[in-house]
Amino acid sequence: MSVDIRRLATLLDDAARNATAVAQISATEALTLEQAYEIQRQSVERRIARGERRVGTNMGFTSRVKMEQMGVSEHIWGRLTDAMIAEDGGTISRKRFVHPRVEPEVAFLLRKPLSGIVTIVQALDAVEAVAPALEIIDSRYENFRFSLTDVIADNSSSSALTIGPWNSPHQSLDNLGMTVTVNARPHTFGSTAAIMGDPLRSLVSAARLVAMSGEVLEAGYIVLAGGAMAAFELHVGMHVQLDIEHLGRTSFTVAD
Ligand code: OOG
Ligand code: MG
């Protein structure tokens, strides 16, 4: 049976737009990785056609804790658009999402394009700045459960993010303390080391993976290196804050 890529791209785009969950595609159709990324591409194309602008790339499952939490052990990537960026310190409506979760991240801003096999030195040379980021992920699948190809087709659960201050990348980034605070109480502690021992390695992986789909990490792109700690559910009234040692802080509040 041939897979109807366009229908599945529309299904997932509508699910995201209407904040309603759909059944896992893998329950009824076996997708290849190429088909899953093509569904993702076409569903994000629909956003672009509605006026959104591509601003970057989101890496997934780059830490052991994230792999274990979701039962997926391969790196994946998704596409970020401008509509996903929320104001740092601002308010985000719960209504936009199906069952949102948040995770602490490191964001890179590129000053040069990157694609294919690159060294960690080349990756660093392409970075303009680095910032703390909070990513809101929201699977469009029922019960936040999916297979590898399901989550890829669903744009790697990308849904929103806040970004803190941009810093020089010319400092050691491989073991910075991360503190997540919820409603002024410490929630979780971690380290940027959880992201492959050094979040720059996630950028190396991103360059290689996007090249397999004929893509480039463009100058000006934001690249999210992946959640460093397990994601947790968001509820109305929560104020979530991330502090990364030497890099600063980002936060948001969940409104009705
Ligand atoms: C997929 C999102 C992956 C990350 O940082 O690992 C991701 C998911 O967990 O739903 O953004
Ligand atoms: Mg993430």
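## Before we start

This is a predicted model, in which local features need pLDDT of at least 70 and side-chain atom pairs count only at pLDDT 80 or more, while totals for chains, interfaces and linings use all residues. Residues are numbered from 1 along each chain as its sequence is written, chains are lettered from A and ligands numbered from 1 in the order in which they are written, and side-chain values use heavy atoms, with hydrogens and water left out.

Glutamate 103 and glutamate 105 are both buried. Buried means under 20% relative accessible area, exposed means over 50%, and partly exposed lies in between (1.4 Å probe, protein chains only).

Ligand 1 sits in the largest cavity. A cavity is a set of points, on a 1 Å grid over the protein atoms alone, where a 1.4 Å probe fits but cannot get out; a molecule sits in one if more than half of its atoms lie within 2 Å of its grid points. There are 17 residues around ligand 1, and Phe61, Lys66, Glu103, Ser157 and Gly227 come nearest; a residue is near a molecule if one of its heavy atoms lies within 4 Å of it. The elements β1 (54-60), α3 (64-70), β4 (101-110) and β5 (127-137) each supply at least two residues of this shell, and β1 gives the most, with three residues. Helices (H or I, at least four residues) and strands (E, at least two) are DSSP runs, numbered from the N terminus.

Which atoms approach the oxygen atoms of ligand 1? A backbone N or O atom of phenylalanine 61 lies 2.8 Å from an oxygen atom of ligand 1. For lysine 66, a side-chain N or O atom is 2.7 Å from an oxygen atom of the ligand, and a polar backbone atom of glycine 227 is likewise 2.7 Å from a ligand oxygen atom. The protein covers 100% of the 310 Å² of accessible area that ligand 1 has on its own (areas come from the Shrake-Rupley method with a 1.4 Å probe).

## Two residues with positive phi

Phenylalanine 61 lies in the loop between β1 and α3. Its phi is positive, about 60°, although it is not a glycine. This phenylalanine 61 counts as buried because its relative accessibility is 4%.

Methionine 196, in the loop between β8 (185-191) and α6, also has a positive phi, of about 55°, and is not a glycine. With a relative accessible area of 26%, methionine 196 is partly exposed.

Glutamate 29 lies in the loop between α1 (5-18) and α2 (33-49) and counts as buried because its relative accessibility is 10%. Its side chain makes a polar contact (a pair of N or O atoms within 3.5 Å; within protein, one must be able to donate a hydrogen and the other to accept it, and residues adjacent in sequence count only if both atoms are side-chain atoms) with the side chain of arginine 7, at 3.1 Å.

Alanine 207 is found in helix α6 (residues 199-212) and is buried, with a relative accessible area of 0%.

Methods:
On a 1 Å grid over the protein atoms alone, a cavity is a set of points where a 1.4 Å probe fits but cannot get out, and a pocket is an open set with protein on both sides within 12 Å along at least five of seven lines; lining residues have an atom within 4 Å of a point.
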